[in-house]
Amino acid sequence: MSRTVYLNGEYLPEDEAKVSIFDRGFLMADAVYEVTSVLGGKLIDFAGHQQRLERSLNELDIQKPDAFDDLLEIHRELVRVNGIEDGLVYLQVTRGSPGDRDFVFPDPATVKPTVVLFTQSMPGLATRPEARDGIKIISIEDQRWARRDIKTVQLLYPSMGKMMAKKAGVHDAWMVQDGAVTEGTSNNAYIIRGNTIITRALSQDILHGITRAAVLRFAQEAQMLIEERDFTIEEAIGADEAFVTSASAFVMPVIEIDGSVIGDGVPGGRALRLREIYLEESLKAAV
Ligand code: PMP
């Protein structure tokens with residue numbers, strides 16, 4: 001069945017939505033994006049994603065699209081017309097199409113940003129077997145650009161990382177820079193020692209995860225301690241538990257890194273509890 005997608009103010013069948021070959025998103029990865037999950041037909045953490053979008057646009061000096069204030073309504077309409085129960089809404093804003101290729105940014109007075117949104121249906125998104133069984137990961141070198149706090153569509157290296165993981169027969173990869181874990185290819189990375197959650201501090205080195213912010217808040221409310229600091233793969237392997245967070249994976253336990261099991265080799269109790277709390281609280285606040 002053909003999806004209805006959103007492109008620059010119009011709701012269109014997916015095969016009728018067309019973007020110029022001169023669009024800077026296509027030619028230069030000059031674009032930012034957000035992914036918001038949908039559970040029970042409702043959007044999780046929408047406000048956080050909209051705020052981060054605004055920040056990404058500001059950091060790159062891409063003008064705020066006219067549709068910015070209507071984004072909640074557009075998300076909801078796409079969820080409704082496509083009958084999404086569980087899944088995702090993908091949103092992308094590019095610097096637009098100047099009608100030719102040029103490294104210099106086009107004049108924002110004449111070239112408007114391109115705005116695209118589409119849904120992905122994922123029945124059972126919150127009850128995937130990986131959440132029960134945990135995931136295995138490998139470590140790889142972090143070879144991305146240095147502004148990972150901006151959510152750009154430059155996803156070639158993370159995509160290569162996922163392929164390295166696939167080749168190694170595991171689910172994902174954690175990236176390492178100067179001996180310390182930055183984050184997963186599409187998620188934030190954590191370890192737990194005793195009652196303490198350890199995760200890299202926010203900086204330009206990592207994406208400021210919307211799920212990360214919520215999970216750390218819930219962890220604090222659950223009387224867990226939080227240490228925002230660097231950690232190594234060696235420390236992670238010796239930890240009691242490990243997990244990742246993202247808008248689509250929520251809280252996902254990690255049970256093995258580079259072939260070494262974490263703890264007992266099964267999902268840790270604290271990670272599972274955090275997942276429960278995150279889902280419960282986020283569903284209550286869903287819009
Ligand atoms: N880090 C990276 C590199 C990501 O791609 C993502 C997911 N977009 C995250 C972290 C998690 O962010 P969020 O919780 O906002 O989905």
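**Exercises on the ligand site of a predicted model**

Among the 18 residues around the ligand, those that come nearest are Arg52, Lys151, Glu183, Thr211 and Ala247. The model is predicted.

**Exercise 1.** Determine which protein atoms lie at polar-contact distance from the ligand, taking 3.5 Å as the limit for a pair of N or O atoms.

*Solution.* Begin with Lys151: a polar atom of its side chain is 2.3 Å from a ligand nitrogen atom. Next, take Thr211, where a polar side-chain atom lies 2.6 Å from an oxygen atom of the ligand. Finally, Ile210 places a backbone N or O atom 2.8 Å from a ligand oxygen atom.

**Exercise 2.** State how much of the ligand's accessible area the protein covers.

*Solution.* On its own, the ligand has 390 Å² of accessible area, and the protein covers 93% of this. The space that the ligand takes is the largest pocket.

**Exercise 3.** Describe the make-up of the shell around the ligand by element, class and domain.

*Solution.* First, the elements giving two or more residues are helix H2 (46–60), strand E9 (180–184), helix H6 (210–221) and strand E13 (241–246). Second, the shell comprises 10 polar, 4 charged and 4 nonpolar residues. Third, domain 1 (4–122) and domain 2 (129–285) each supply at least three residues.

Methods. Residues numbered from 1 in each chain as written. Predicted model: local features only at pLDDT ≥ 70, side-chain atom pairs only at ≥ 80, totals over all residues. Heavy atoms only, no water. Near = heavy atom within 4 Å. Polar contact = N/O pair within 3.5 Å; in protein donor to acceptor, adjacent residues only side chain to side chain. Areas by Shrake-Rupley, 256 points an atom, 1.4 Å probe, with all protein chains shown as cover. 1 Å grid on protein atoms, 1.4 Å probe; cavity = no way out; pocket = protein on both sides within 12 Å on 5 of 7 lines; lining within 4 Å. Sits in = over half its atoms within 2 Å of the grid points. Helix = DSSP H or I, 4+ residues; strand = E, 2+ residues; numbered from the N terminus. Nonpolar A, V, L, I, M, F, W, Y, C, P; charged D, E, K, R; others polar. Domains from an automatic or database assignment.
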